Amino acid sequence: MTACDPAQAAAASGLAPEPGENAPVRLPAIEVRTEPGEVAGFLRETGGIGTGDFVPLTFPFRWLALPAIRGLILQLTGGEGFLPVHESQSFAYERSLHINTDYVLDVEIEASEKPPRLILKMVVSTAGGEICARLETVLRIVRLVAETDI
Amino acid sequence: MIDAAPGAPPPDWPRAGDEIGAQNFGPFAQEALARYAAVSGDDNPLHLDPEAAKAAGLAGPPVHGMLMLSCFEPLIMGWRRDLFISRLSAKFLRPVLAGDGIRVMGRVLRSAWVPKPELILRLTARGRSDDLVILAEAAVQHKNANLIS
């Protein structure tokens, strides 16, 4: 697989490819929960504010590690020999997230070839469908150089 | 309820040009990166494996950009606890290698009270040599914005 091939990644994910060479790949909705222990651990390692009584601003980034999202990122990255490097990040909140609460994620990832990048957009909504936050993550794809290549 | 004349911000509402005092975070040891990887799920070997970092052209594992970006929230909350961060956008400009720390600071770019009490902040993170490593912008609102008439 070459780096950033959404068509192949969509096929591998069992998703219907969308029209267009680099059309975004949209994942089925994902249900998540702001578990108190996970929030407290995240707070502890990111500046030490508070004692776990609120959900920190950057906490939703954690959900990129969920298997469905992570798997698609790795597929689009191109597999062994490539790594994603975080280039930019944005969060836009319409309402705060709360601890011990269920949320729904809508995620789409778009790949660009020149330069090789992944643009991931995530919308966090309440179980009732109210939008809480929107995230955009831009990952640059870096080809690793083996020592024999140097 | 915030006690202010209609259209007039209270005396302590920040103005354009006000500074948010610098705050140091780190140094971020390799163990701290491993702990952040565990709580965030971002176990990209670039941050954890010196060989992977070397293969990517770096002298050592870089600190997670999101770990550094997370430092802006305590900076803002330490400045004023009556704010809600509604937007944060950032570009990661240069890597900070494991073992180094950052200095984060901010400045008020724009200040409004009506139609809603909102500040636009320029935020920066600088590395050991004072090099700019993160350039960010945040929009923050008073937590009681909906109570202001």
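In this predicted model, the side chains of B:Arg80 and B:Asp82 are joined by a polar contact of 2.8 Å (a pair of N or O atoms within 3.5 Å; within protein, one able to donate a hydrogen and the other to accept it, with residues adjacent in sequence counted only if both atoms are side-chain atoms). A polar atom of the B:Arg80 side chain also lies 2.6 Å from the backbone oxygen of B:Asp12. Leaving aside neighbours within four places in sequence, B:Arg80 is in contact (heavy atoms within 4.5 Å) with B:Asp12, B:Trp13 and B:Pro14. B:Arg80 counts as buried at 13% relative accessibility (buried, under 20% relative accessible area; exposed, over 50%; partly exposed, in between; 1.4 Å probe, protein chains only).

Aromatic pairs were counted next. Rings of Phe, Tyr and Trp (its six-membered ring) pair if their centres lie within 6.5 Å; planes under 30 degrees apart are stacked, over 60 edge-to-face, and the rest tilted. Over all chains the count is four aromatic pairs. A:Phe42 and A:Phe59 pair edge-to-face, at 5.3 Å centre to centre and 80 degrees between the planes. A:Phe42 is buried, at 0% relative accessibility. A:Phe59 is buried too, at 0%. The rings of B:Trp13 and B:Trp113 are centred 5.1 Å apart with planes at 70 degrees, so this pair is edge-to-face. Both B:Trp13 and B:Trp113 are buried. One aromatic cluster is formed by A:Phe42, A:Phe59, A:Trp63 and B:Tyr36.

Residues are numbered from 1 along each chain as its sequence is written, and chains are lettered from A and ligands numbered from 1 in the order written. In this predicted model, local features need pLDDT of at least 70, side-chain atom pairs count only at pLDDT 80 or more, and totals for chains, interfaces and linings use all residues; side-chain values use heavy atoms, with hydrogens and water left out.
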